[in-house]
Amino acid sequence: MSSYQDFAGLYDALTFDVDYPKIADFICSRLQAKGITDGLVLDLACGTGTLTVALQNRGYDMTGVDASEEMLAVARGKEGAEGILFLHQPMEAFELYGTVDAIVCVLDSLNYLTDPDDLVKTFKLCANYLNPDGVLLFDVNSEYKVKHILGNQTYSYETDSIYYIWENEFNPETGLCDLYLTFFTETEDGLYRRVDEVQTQRLYTDKEITEALAQAGLQVVCRYDDYTRYEPHDKSQRIVYEVKKI
């Protein structure tokens, strides 16, 4: 995964269509169903901290972990981020000061772990830092999305201040999808600045995820279609996993 050095400043503008309140409400409902109405929660791969702040505002004591110091700099400067502990660490090697009641990892962050061994390492760390009755909630891009929506497709988008092109190359043999993003952002003098970003995601099947969880001593409780109460279907694009310790 890239460092997001230039991308960090653009991230929030590019994710304007992400319904963070919906995601936060879903997470809270699942945690409350398990009796976790407050307590310590880790937002793993927290990015610019929008969800971290939303969960803090809902009464949870939040810690955010991310591999990008640039993303964390944006997160620390957000309104409501006071009191949140942000740690600059990769998912597969994070360290906490103690256990937590829940861990969340959203917006296909785990797909950026391109080595399956790193996925297992991440799950083992989650199991290590979860309290016995703790909950792990994460999502992944589905097999359908990686193959057919990302795939070998090219997209272009335009906002008030940013124009960008998104080209994808998916290799079915390796399961890797390279994402080539080119951004043009308007400067104060009316000119445009170009920013190039290259990312790679890995396709993880449900079987691979389930087996990786089992190696870590974790078990799937339920699967959901994109932060709804519905079960995933064959064209679900984002699958949410609710996981507990075995």
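Predicted model: local features only at pLDDT ≥ 70, side-chain atom pairs only at ≥ 80, totals over all residues.
Local features require pLDDT of at least 70 and side-chain atom pairs count only at pLDDT 80 or more, whereas totals for chains, interfaces and linings use all residues. Residues are numbered from 1 along each chain as its sequence is written, and side-chain values use heavy atoms, with hydrogens and water left out.

**View 1. Helix 2 and helix 3 cross at roughly 50°.** The axes of helix 2 (residues 20–33) and helix 3 (residues 50–57) come within 10 Å; axes are lines fitted to C-alpha atoms over the stretch in contact, and helices are DSSP runs (H or I, at least four residues) numbered from the N terminus. Tyr20, Ile23, Ala24, Ile27 and Cys28 of helix 2 meet Thr50, Leu51, Ala54 and Leu55 of helix 3, where contact means heavy atoms within 4.5 Å.

**View 2. The largest nonpolar core has 48 residues.** Such a core is a set of buried Ala, Val, Leu, Ile, Met, Phe, Trp, Tyr and Cys residues joined through side-chain atoms within 4.5 Å; buried means under 20% relative accessible area (1.4 Å probe, protein chains only). Ile27, Leu31, Leu51, Leu55 and Phe183 have the most contacts inside this core, to which helix 2 gives the most, with seven residues. Leu55 touches Ala24, Ile27, Cys28, Tyr60, Met62 and Val104, not counting residues up to four places away in sequence.

**View 3. Asn111 is buried, with a relative accessible area of 0%.** Asn111 lies in the loop between strand 4 (100–105) and helix 5 (116–129); strands are DSSP runs of E, at least two residues. Among the residues that Asn111 touches are Val140, Asn141, Arg202 and Tyr204.

Methods. Axes fitted to C-alpha atoms, helices over the stretch in contact; angles between N-to-C directions. Buried < 20%, exposed > 50% of the residue type's maximum accessible area, 1.4 Å probe, protein only.
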